[in-house]
Amino acid sequence: IDRVAWLQGCWEMTSGNRVVEEAWTRPRGGIMLGVGRTTRDGTLVEYETVLLRQDGDTLAYEAHPSGQPSATFTAREASDSRVVFENAAHDFPQRVGYERTGADQLLAWVEGSINGRERRIEFAYRRVACR
């Protein structure tokens, strides 16, 4: 879990009237906690809580999205600047990834297949002060 400590902190992406935020705690006790929300014109659109935990020799990403059942993804790669989680049996996404692209920049994405077509949604975050 310490290998992905670079996720800790607060991250934000703004696109027009839409704001996407994620906040991650530092690793402690073998876990990191994450929370995210998306607002449009100041109104909540969706939210998610995540438990990132050490599971033996790998990392598990347990997502609890608003209005949907929870899903667990397992790290297929984890380094000092990139982590990708996968759950091939999940409807969408099948992969969730994060890559540190600069000291205060983070690229997150969800990707996978929907009805036989590949789709990828990216979130280009910048570090912000936690409030």
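Strand 8 and strand 9 (residues 105–114) pair in the antiparallel sense, with seven bridges between them; two strands count as paired if DSSP finds at least two bridges between them. Strands are DSSP runs (E, at least two residues), numbered from the N terminus. This is a predicted model, in which local features need pLDDT of at least 70 and side-chain atom pairs count only at pLDDT 80 or more, while totals for chains, interfaces and linings use all residues. Residues are numbered from 1 along each chain as its sequence is written, and side-chain values use heavy atoms, with hydrogens and water left out.

**Barrel and strand pairing**

- The barrel is closed by 10 strands in the order 1-2-3-4-5-6-7-8-9-10, with antiparallel pairing.
- On average, neighbouring strands of this sheet are turned by 25 degrees against each other, direction ignored; the axes are lines fitted to C-alpha atoms, and angles run from 0 to 180 degrees between N-to-C directions.
- Strand 8 is joined to strand 9 by a hairpin through two residues, and G97 stands opposite W109 in strand 9.
- Strand 7 and strand 8 run antiparallel and are joined by five bridges; F85 has V96 in strand 8 as its bridge partner.
- Strand 4 (residues 43–55) and strand 5 (residues 58–65) also run antiparallel, with eight bridges joining them; R53 has A60 in strand 5 as its bridge partner.
- Strands of a sheet pair through backbone hydrogen bonds, either parallel or antiparallel.

**Disulfide**

- The structure has one disulfide, a term used here for a pair of cysteine sulfur atoms within 2.5 Å.
- C10 and C130 form this disulfide, with their sulfur atoms 2.0 Å apart.
- The pair links distant parts of the chain, 120 residues apart: C10 is in strand 1 (residues 9–15) and C130 in the segment after strand 10 (117–128).
- The disulfide is right-handed because the torsion about the S-S bond of C10 and C130 is about 115 degrees.
- C10 is buried at a relative accessible area of 13%, whereas C130 is exposed at 54%. Buried means under 20% relative accessible area, exposed over 50%, and partly exposed in between (1.4 Å probe, protein chains only).

**Nonpolar core**

- The largest nonpolar core has 27 residues, and those with the most contacts inside it are L7, W24, L52, Y61 and Y98. Such a core is a set of buried Ala, Val, Leu, Ile, Met, Phe, Trp, Tyr and Cys residues joined through side-chain atoms within 4.5 Å.
- Not counting residues up to four places away in sequence, L52 touches I1, V4, L7, W24, G30, I31, M32, L59, A60, Y61 and F85; contact means heavy atoms within 4.5 Å.

**Individual residues**

- W6 lies in the segment before strand 1 and is buried, at 8% relative accessibility. Beyond four places in sequence, the residues in contact with W6 include W11, Y98, L106 and R127.
- N87 lies in the loop between strand 7 (82–86) and strand 8 (95–102) and is buried, with a relative accessible area of 19%.
- A polar atom of the N87 side chain lies 2.8 Å from the backbone oxygen of T72. Neighbours within four places in sequence aside, N87 is in contact with T72, F73 and Q94.
- P65 is in strand 5 and touches Y47, E48 and S70, not counting residues up to four places away in sequence.

Note on methods:
Helices (H or I, at least four residues) and strands (E, at least two) are DSSP runs, numbered from the N terminus. A polar contact is a pair of N or O atoms within 3.5 Å; within protein, one must be able to donate a hydrogen and the other to accept it, and residues adjacent in sequence count only if both atoms are side-chain atoms.
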